[in-house]
Amino acid sequence: MSLQTVAVWVVVVGVFLVTLKPLGTYIASVFSFEPTFLDKPLRPLEHGVFRMFGIDPSASMTARQYGVALILTNFAWIVLSYVLLRLQGQLPFNPQHMPAVNPQLAFNTATSFGTNTNWQAYSGENTMSLFSQFGNLEFLQFVTPAVGGTMAIAFIRALSGKKMGNFFVDLVLMCTRVLLPLSVVFAILMVWQGVPETLGAYLHIHTITGSTQVVPRGPMASWEAIEHLGTNGGGFTNANSANPLENPTALSNLFQVIMMGLLPVAFFYTLGVMTGKRKMAWTLISVAGLMYLAIGAMVYFPMELGDPVINALGLHGHIYRVGTELVFGTGGTAAFETSTMSFTTGSVASAHDSALPITQLAYFSAMFLNLVFGGKGVGLLNMLMLVVITVFIMGLMVGRTPEFLGKKIEAREVSLASIAFLLHPFLILVGTALSVALPAGLKGVFNPGPQGFAEILYGITSGAANNGSALGGLGAALPYYEVTIGIITVIGRFASVMAMFLLAESLLKKRSVPASSGTMRTEGILFGGILAGSVVVLNALTFFPVMALGPLAEHYLLLAHHLF
Amino acid sequence: MTAMSHTMDSSYFMQVLKDTFAKLNPVEMVRNPVMFVVEIGTVVTLIFTIGSIGKAAFQYELLVTIVLFFTILFATFAESYAEARGRAQADFLRRTKSSTRAKRLKGDGAWEWVSSEELTMGMRVLVEPDDVIPSDGEVVEGVGSVDESTITGESAPVIKATGDSVTGGTRLLSDQLVVRITTNPGQTFLDRMIALVEGASRQKTPNEIALSALLGVLTLIFLLVVVTLVPQARYYGPHATDTTTMVALLVCLIPTTIGALLSAIGIAGMNRVAQVDVVAKSGRAVEAAGDIDTIILDKTGTITIGNRMATEFMPVTSVRVEEVAEAALLASLSDSTPEGRSVVELAKDVLHLEALPLVEGEAVPFSAHTRMSGIDLADGRQIRKGAISAIVEISSAEKRPELEKLAEAVAGEGGTPLAVEIDGRALGVIRLKDIVKSGLKERFDDFRRMGIRTVMATGDNRITAAVIAQEAGVDDFIAELKPEDKIETIKREQSEGKLVAMTGDGTNDAPALAQADVGLAMNTGTMAAKEAGNMIDLESNPTKLLDVVMVGKQLLITRGALTTFSIANDVAKYFAIIPAMFAAVPTLSVLSKLNIMGLKTPHGAILSALIFNALIIPALIPFAIRGVTYRAEAADKMLARNIFNWGVLGIVIPFVGIWGIDRVLGLFGLA
């Protein structure tokens, strides 16, 4: 492990540790409507928005109302985004004269950006006008993570015994108080590192070799900021953060890693502040944090040790690596990929297709778990869902009806939590089974053997987890995948949230039971260990067969020097 | 031995066997989704077995089918066995019930024979010596001694007088009673108890419903995993999976262990309650007992043995202890109350007397007016003992301050002082004290560790209450109790979200019993109290509440432990089956590297996992019936221990077990 690697990881983990408390507390203050330093400059703007849309900020919603408002608003954006993509040719800011986007790609893109997935079945520089980039897709990159945040905030409010709040108010505040200020700061940092920020046309450059090269550019710095802060992950260009204009330096790489994790980690602390259970928040942060490091190790070590086949040829050294972005080194690449998978961002700084099987296994694990901090707010919901299930099974073993935050977990709660849990594997396993069974799905497989299988599985999983990265090698631009993955992203995004909202409301309605020494504590090392254990075991039991068919088979074949 | 702990005799085993097979009926099986899936799987493999007759795969298919069949049998056996244990208790009760004939009183005072089944509420029956009391009711005339041993196992007869309740099935030993029937046929305690222990009236408890829901979803997830695995594996070749193996994998993964034992755990839990001679009106009440946060216990009879005892004679100055003792002895000779007898006993000790002295005189009985009792001796001496204030009034003034000081000292330590005087000369004070039942302090300590608060309720003054509370080790007390105080306390605790349990016997306890989450009524209590409570203690021992709480907790722990074990087991099964099932698929044969147990052949590996999965069910039946070991300790400690026993070992044990079974199969050439 090089000094650079150690430095990258120390800085990343250090920044998360230092920021999670102030940032988490700040978010808690905003959504508890306590005074913050941004009240003065931003309140007139927010109240203007409320007036414009006729929002009554004091009206609280029920779980059903909040959920319906959330889903309908999202659908409206998806429809709007679809229409704008189809009308791209007629809209301004189109220096490259990009034509209308075809229907199934427009559907796929609108659903994917509208669900914070940002799966891209296109390359941005060849498909999208500048308006589509900053006016359409970047708008979704702001509001969809804001929606993810509102999900967590509403849930936390119910857990802390308050009403769920008003979706529209939360949505506006999430944009103005959280995403906008941070985006401004990080966009400036991106510009400082050399990321372009322009509305000008693509550059035509005469290279040293005498040929002409077209260099796509645009308002990239602002895009990069929200792409990562909102754990969106849709690249401005096809190569995403592996494109030197999107992520030019080791420092910009570090910034992007930090941007991805900043909010998802802070939300865990917000839970602690708003429920008054800071120790529980630290326990959950530790569980997710250790998993983050474990995934990091699974990503880094195969990358660092190199391909066994190449090693066997006696070719050692830096340049013989696969699946590594040499600009950032193995440490920097591993940090980026671990973060993009854990925080379900889905931007990439290296080709995931070229990663070794165990590294790919780590990518899969992060998407299966979907709670290693996860997407902004959403990862926290997933973690709490497993907390409820764990508390139910393990809590029985202290001889009391299981309780979480003083509320009894009974049939309704455990049913809702387990249905929410079921949904993720359902989408992944059924989606993959269909894709490998249908000729339309098999048509997209460009690689044979386990790698081809993994590519399909990855595409479906990425959609279900709202991650958005691709393993590559899959014909994702085929209408079959555009439609299937589009549908999966929508179900994956909204179905389990509805179950979780109903769960929260059901808990809210229950009377609170005071804790005693006979109550199972949902904090501390023992609970952390039990939670981590059940999270790993439940997920392993669900996904072991597909992992055996994909990365594990490929791993053992690779050790036998069998390549695909 | 109590009546309820009758063991099963051999005749029940035939019934168990019959039920084991009768429960295979799919109509009944569908109520248990986990085992229903296994049953469908068995039918599927059976069809494939028949289809493979004469082919190489026949032996494997047949073995899988047989193991699957036994898996279901073990499950139905567990349930039948638990039910049979209940039935053994019920049959014993029923025998006492069926032979009853009743003497129904007609309007004119004559009586006629009727069967006890014909008795309805409001009818009056005559009960004479050696008659069995035909149904539950209330004594309206007469006093008699009743043998309740059939119900309680207690052989000492109980005196029943007007207003007392009597239980159907018990026997009158002496005198004559007129009983007004208070229940309709089929609703007596005996009927309820029979239905309960038999499991006939068993409804799923809230926690059981929640757990069933979770098990249902887990089954669905594994069904999803296995069904989608078919097309996923066929990506590598058209014959990558065979149906029998997929069924085997499915059965191994779904939580069959807990699915098979869940209802047995519930039935056995109710039986364990019945074994301590408590009738719970529902399983829900037993489960609620496990969740109790606060227990309210009466001081008298529950925490202290019924009455106060004399523990010390305290003379005023210039009087010897012996003088006080002698006077107290003489004053108490004709006092037949337990307190009076305890004074006599203490005096005999102090004076080293072997036998009671013979004295002549006239006893002066206690009256509420004088608040004292005593004796007027033949020699003219008048000895009195009684409340301090009463004695002070009739004795000379010089000793008054000293007497009052002594009394205060006694009261200050929680005792009750009685003064003794002779011919107007105060001699001293008798210290009467409550005696805390032995073993209670340890029990209350257990409860404190489990997070349960104990509250003592007493009509005594605060000082007395505080001293007894301290001595018994309860957490809190309510002194100078007024009838409405109990229900107020319960409501206050409940408003904080706590679950409250209490015991009671009097009619004035009924509202509080009804308000409490768990109300344990004494069988000796009034009908109103018994109706209000959700459990009845047949032995009328209020400390039973503690046993019921333990059973309730053990019930939940057993369910959690077996669920955890069931899920943890799956890890090893994957490592056995996944490498084996793909051994013949070219690209996937490398997965044999995952065969870390070194199982010899693919079919042997799958069979080993399946056999382990089946055998673990009967192996855990004792835990389901008896409940997993339970110790009173804090949640963290208990959790850590159970997680290790059932979670960590739950992962390790099947690795060893499957490996062992594979070796054994190898001996028979099956692996």
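Chain B of this predicted model has an average pLDDT (the predictor's confidence in each residue, from 0 to 100) of 86, and 94% of its residues score at least 70. Residues 1–6 of chain B fall below 50, and this stretch has 17 contacts in the model beyond near neighbours in sequence; residues are in contact if their C-beta atoms, placed from the backbone, lie within 7 Å. For the complex, the predictor gives an ipTM of 0.93 and a pTM of 0.86. Local features need pLDDT of at least 70 and side-chain atom pairs count only at pLDDT 80 or more, while totals for chains, interfaces and linings use all residues. Residues are numbered from 1 along each chain as its sequence is written, and chains are lettered from A and ligands numbered from 1 in the order in which they are written.

Between the chains, 57 residues of chain B are in contact with 53 residues of chain A. Two or more residues each come from helices H7 (206–234), H20 (544–581) and H22 (635–667) of chain B, helices being DSSP runs of H or I of at least four residues and strands runs of E of at least two, numbered from the N terminus. H7(B) gives the largest share, 16 residues.

H7(B) has 29 residues and reaches 43 Å from first C-alpha to last, close to the expected 42 Å, which is 1.5 Å times one less than its number of residues. A kink of about 25° lies at Thr228(B), shortly before Pro231(B); the bend is the angle between axes fitted to the seven residues ending there and the seven starting there.

Key
Two residues are in contact if their C-beta atoms, placed from the backbone, lie within 7 Å.
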